[in-house]
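The tour below goes from the whole chain to single residue pairs.

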Amino acid sequence: HWAGIGPAHRSYWWLPLVKKTPKHRRSPFDVQRDQLLDANNGVSMSRHDPEMPLPLESGILNLHGWHLDTQTDSPDRIEAHATYPANHICPSCGLIDECHRFGTKETRYADLPVHAKPVTIVTQRQRLRCKACSYTFWSPLPHMDDQHRMTLRLLNHVRERAIHEPFTHVADRMGIDERTVRRLFAEYVEE
């Protein structure tokens with residue numbers, strides 16, 4: 001044996017491997033990881049335990065007005081099936097409650113990661129038709145960006161992180177494609 005490295009010292013070799021990020025360089029991802037480290041006495045959790053409840057009261061959504069129907073937690077992704085009440089105001093003529101249902105379609109939106117896993121919000125989007133002017137439209141969904149198929153909070157977070165980190169790192173952390181990060185950053189610069 002080397003001096004000082006006996007059986008009593010073997011179990012502590014891994015302690016310096018997991019460190020917290022300095023406070024002045026912390027992102028929401030770092031804060032979440034540090035909270036997990038504190039909760040587990042410095043031991044890193046590679047995956048969220050599906051039996052352990054998630055920290056937010058409204059599930060993983062935390063979006064006003066949305067209702068979380070079901071949540072599927074796999075080792076590499078979280079999928080939340082959610083609904084938002086349909087808005088029955090015609091955008092063309094402005095009449096209230098003169099619209100009837102005209103079909104649905106399943107739409108997927110990317111959201112901020114939870115426990116270092118990408119989140120997908122799946123919703124049945126309601127198509128409506130106005131009885132007065134025959135205008136057909138999709139019910140608007142607040143907190144969502146239809147052009148990029150992601151939540152507005154993810155869109156803003158990606159734009160802010162892309163300034164400080166390489167696009168590939170941001171894409172890997174958020175569970176989206178690198179080209180999407182490039183496109184969001186280019187739009188942000190043009191604004």
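This is a predicted model: local features need pLDDT of at least 70, side-chain atom pairs count only at pLDDT 80 or more; totals for chains, interfaces and linings use all residues.

Next, colour by accessibility. Of the 191 residues in the chain, 32% are buried. The accessible surface is about 12400 Å², and carbon and sulfur atoms hold 52% of that.

Now turn to the salt bridges, of which the whole structure has twelve. Three of them are visited here.

Select Glu79 and Arg108. Their side chains form a salt bridge, with N to O at 3.0 Å. Glu79 lies in strand E2 (residues 78-83) and Arg108 in strand E3 (residues 99-114), 29 residues apart. Arg108 is partly exposed, at 41% relative accessible area.

Move on to Arg125 and Asp146, another salt bridge with an N to O distance of 3.0 Å. Arg125 sits in strand E4 (residues 117-130), whereas Asp146 is in the loop between strands E6 (144-145) and E7 (150-151). Arg125 is buried, with a relative accessible area of 7%, while Asp146 is partly exposed at 33%.

Then select Glu191 and Arg159, whose closest N and O atoms are 3.5 Å apart in a salt bridge. This pair joins the segment after helix H4 (178-190) to helix H2 (residues 152-164), across 32 residues.

Methods. Residues are numbered from 1 along each chain as its sequence is written. Side-chain values use heavy atoms; hydrogens and water are left out. Buried means under 20% relative accessible area, exposed over 50%, partly exposed in between (1.4 Å probe, protein chains only). Accessible areas come from the Shrake-Rupley method with a 1.4 Å probe; for residues, only the protein chains shown count as cover. A salt bridge is a side-chain nitrogen of Lys or Arg within 4 Å of a carboxyl oxygen of Asp or Glu. Helices (H or I, at least four residues) and strands (E, at least two) are DSSP runs, numbered from the N terminus.
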